[in-house]
Amino acid sequence: MEKTERFRIYNFRELSTLIMVFLVYFIVCLIEPRFFSFNSIINIFLFFPFLLLVALGEMMEIISRNVDVSLGSILAFSGYVVGIIFRGNKDFPLILAFLIAILFGAFLGLINGVIVTKFKIPSVIVTLGTMNFYRGMIFILGGKQIDNSNIPKDLVKMSQPNASVIGVPYSVIISIVMAVLVAVFLTRTRKGREIYATGCNPEAAKLRGIRVNMVNILVFVLAGALSGLAGMIFISRIGYLDPGVAGKGLEFTAIAAVVIGGTSMSGGIGTTLGTVFGCLLLGVINNAISITGISGYWQEAIYGIIIIAAVIIDNVIKRSLQKYQGVLRG
Amino acid sequence: MKQMQLTNRFKRIIKPELIIFIFLILSIIAGVLLSPNFLDASFLLSSTTLQAELGLIAVAFTLLMTAGEIDLSVASNMTLVACIIAVLYQKGINMVLLIILGLIIGTILGFINGILVTATKLPSLIITIGTMSVYKGLAQVLVGDAAISGFPEWFIGIDDKMVFKIVPIPLVILIVVGIITELVLKNTFFGRKVTAIGLNKEAARYSAVDVDKIKIFLFSLQGLFCAVAGIMSISRLEVAKYSIGTGGELDVITMVLLGGTAFSGGKGRTLGTLLAFFVLVFIRTGMRLAIFSNYSQIAVIGALLIITMIISQKIEEFSKDLI
Amino acid sequence: MENEVPILCASKICKSFGKNEVLKSIDFDIMPGEIHALIGENGAGKSTLLKILFGVHRQTSGEVMINGKCVCFNSPLDAKTHGIAMIHQEPLAFQDLSIMENIFMGHIKNNKKILIDWNQLEEEADKVLKALGLTFSPRQKMIGISVAEQQLVEIGAALVSDAKIIFMDEPTASLTPDEVNNLLSIIKKLKEQGKSIVYISHRLEEIKEIADRVTVLRDGNLIGTYKNSDLTQSDMISLMIGHKLNKESRKQTVRVYEEPYFQAKGIGIPGIFEDISFDVRKGEVLGIAGLMGAGRTEVARAIFGITPIEKGEILINGKKVEIKSPADAIKNGIALVPEDRQGLGLFLNKTIAFNSTFMIPKKITKALGWLDKNQEKNISEEYAKRFKTKFTSVDQNVGDLSGGNQQKINLAKWIATDPQVLILDEPTRGIDIGAKEEVYKIIEQLAEEGKCIIMISSELDEILSLSDRVMVMYEGKQTALINKEDLSEMKVLSAAHDYVMQ
């Protein structure tokens, strides 16, 4: 039996992102040889973990046709809650702290999801509201910075390469493990596939018996949980938590990573690997900026250009695909 | 049967437009509760200047949303224009020239949004998330962490200049512009075309409306208003920083939605936006007097945004059940 | 076969949309393992019946029983759990997902494991595809295959979900002859497996080939259910149109100018319609007949500039004109009253005044585009009255009017532009008899005034009684251009079905 397989353009997308990562890296190395050092690679990988966690959540939301701008605030809020616990008791078991951060993040995500589905309000508006509400709530609950002195040393060690068995910081390992879990979830479980189906064609999904509301709530909860985890990693990496600033704007960086990694804003398309590569690319750009002496302030502008460029490219690809399909219709 | 008639009449009275009045009253009550010093007319009037710039942006935003589009880059636009003016002023360029330049630049920034949206046919949400970062980033590049000051005497302090001794000029500008916009929306054919586009883009196209041209115009107009807002903020703050516009989107969107404009388009209430402006001013002023930090304030406004949407949706459903 | 119990039995199904009665007491049953065709003219109610049986609409009255038990469908999901599947003309698929996912979405049987075994799924998908005669890899994305193939995949999905009854609404409309043959043989195979198929189609040869029984609807009424073997194609056509007397032409003899005012020469849009040529004289009504999907609306949209023509020419008064947008069309005196009055013609939440004056801003504005509300009121009242619209005030929302009155405002809106060429797309769809008569009078009046009228209609009566000439289309091509003297029901219908009469 003849098996015909036409265009593998979807795999192409991830590959192109990876190629871009190497391309940018080597170009920058040519401009600034210092970049080609163990240190800078470490730096890339240290920025990487909490961005990746938030990006994983954002990716799932975008695949299901939602947008979430509150993830940075969820990161901060979860981190803050854990920080208060640490302030009270520095010996609080780390595992428990992680659990609390994740659950609290999930809870905040649940609120997002319920409001969006129950009241049928566009996700951008709801999360714009909760972004500010959560951030503000931190201050209503006190809002003092969580200092370095309050953070258990063990937590900080998680971001240090030397402190780990393999030479790779635990924080990086955790985020990669989460990426793998998300990948497995999305590609090999029913619920994961339902997320794609819902984003691809919500009406058809309903007709197939998929409970679209549950799917939507799920992605918000998962994104919240991942952002809660990111909060812990954030504290681990930065060493303290300034509740006004922590995670601010991170969701837009995450969107940039997700979009350049091949996830489509119209839903139904996106891979974890692409998001990982997208985060890598942003990490490289981020460090390239600081090391080559370009003002660090270019970061945000560049991310914005990346978003627009990636979105336009994907749109062009999609339209040519549709034309191809039109040709097939004869 | 009579029961149904009564419920129907009840349902007809609970129009979405009513909410804003209720909120207005509630906000005044809240303000009074928060601080005994609240009910001071001249104080309240001068407090409006703190939000007047955002109010101006919200007026143009109302038009844009009526046509079914959204622009998340408004605060960044405003900031970028302010920073460009500040940086160039430091280089010695004439302020009057810079004001004109700023207006042009803001319009162009909006125009870019319009072109991207109409050419790519992508949702404006996505495009403006991108341009928001670009504009914000460029402002950052220009100004860094610095706070640029030293503007000419005649330029600064627009918020102190009054009409009739107690009404600040920014408020007057806002109200005048708001009323003109409302008149255009409700009483000109152009306003009808805008509404038609938001109601049903395809039907508008079939009715020979040049949808793309009007959308580009509205985005450019939004950009212009952002530029005006940027100029006014420098005048008021006497300083230009890259953080001028931070968080502005929240207030703008809340004003527009609270005022009764429909998110899905086709229904624009500029007067509602103006009233919602006052609601926000009252709430913020009350909170300021009660020494709420800015963070607490945004928590309240964030919650307000969500509550507003929930109430609007509920009322929509309610009135749709009309027999 | 004789004494079997029907698997689905619908009795006395009535359906009204507002005041519009679409189905009047329909009895319909499906036997297990039968192919049951549903035929009738456009607007006869076939799709509506199917939609009711599939749970998209709820019947106004009447009962549906499955396997003897009364059922009430609130949504298509309910229908699916009762074993009914629907194959849509435009596939309702997950374009970005793989073919095997499209087959199995919602039905992945994963009883023991949490993780999906893709290899196993691929094997099963292979079996399904093989049975349908498809050779591509199940891992391929849905977007990469043709519409015909997607349709077959949809059938595969229906099979996998254990559907006992499969509805197909015009499934062959977008298929090539080869694909049609393939589909028909698959349908026969399904019958052998004991599935029942309900098949709506205009292609009578197909129906002759595969159907067991044929149910004919006309104007929402059940004409009858017959054995396929008892009917010829000619019989089917007669049943569909009814044995009505040829109506006398309604139109008075109107002075028709000799020279054509509007000419379309070989116009076409590749892939949609091709080589359409006709002309219209002033005072003449050109009817355009054909089946749904024949491409008539596309021709109208092209002439009006929504999707401009890519081949051929349009001439007005002998001069070639370029129409690239509706604004161009209007400048050249062309107006189009769209078929979908609620979706494309009117702004439902707006008033009569708003809608009827939307195309004539110059007449209702003063300087700077400022609206003259008085003028607006006067003009809209004038038009509404002229067309005998039932309304309380011009400030009434158009959405609150009945279908017939909405259509009158739809017409008024465009007639106000004083067009020389007026294209009407299904001007009396979904409106009651009284309003229909009034619309006909308006059309005649306009013709008398010397306008060119191009009228697309699926109602044979309308076409025959109002038209001076009739152009017939079939699948994007022009199949006939009939003059008044030669006009007959049979001629038009045959050309519409591309059926050559003996």
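These are my notebook entries on a predicted model, taken element by element.

**Entry 1: the sheet in chain C**

I began with strand order, and in chain C I found an open sheet of six strands, arranged β16-β17-β18-β13-β19-β20 with mixed pairing. I then looked at the edges, where β16 (334-337) and β20 (477-483) of chain C each have a single partner strand, so one side of each is left without a neighbour in the sheet. For the twist I noted an average of 15° from one strand to the next.

Which helix touches β13, β19 and β20 of chain C? I found that helix α18 (residues 489-497) of chain C packs on the sheet through these strands, its direction making about 25° with that of β19(C). I also followed helix α9 (residues 296-304) of chain C, which lies across β13 (285-290), β16, β17 (421-425), β18 (452-456) and β19 of chain C and runs at about 145° to β16(C).

**Entry 2: helix α1 of chain C**

I next checked how far helix α1 (residues 46-53) of chain C is covered, and since six of its eight residues are buried, I recorded it as largely enclosed by the rest of the structure. Past the helix I came to C:G55, which follows α1(C) and has a positive phi, near 90°.

I then traced the nonpolar surface patch to which A:L30 contributes, together with A:L15, A:I19, A:L23, A:I27 and A:I31, and noted its area as about 650 Å².

**Entry 3: B:I105**

Last, I turned to chain B and placed B:I105 in helix α6 (residues 95-120). Leaving aside residues up to four places away in sequence, I found that B:I105 touches B:V81 and B:I84. I also looked up the separation of B:I105 from B:A204, which lies 99 residues away along the chain, and the C-alpha atoms of the two are 31 Å apart.

Terms used:
Residues numbered from 1 in each chain as written. Chains lettered and ligands numbered in written order. Predicted model: local features only at pLDDT ≥ 70, side-chain atom pairs only at ≥ 80, totals over all residues. Heavy atoms only, no water. Buried < 20%, exposed > 50% of the residue type's maximum accessible area, 1.4 Å probe, protein only. Helix = DSSP H or I, 4+ residues; strand = E, 2+ residues; numbered from the N terminus. Patch = residues over 30% accessible without salt bridge, like charges linked within 9 Å, V, L, I, M, F, W, Y side chains within 5 Å. Areas by Shrake-Rupley, 256 points an atom, 1.4 Å probe, with all protein chains shown as cover. Salt bridge = Lys/Arg side-chain N within 4 Å of Asp/Glu carboxyl O. Pairing = 2+ DSSP bridges. Axes fitted to C-alpha atoms, helices over the stretch in contact; angles between N-to-C directions. Contact = heavy atoms within 4.5 Å.
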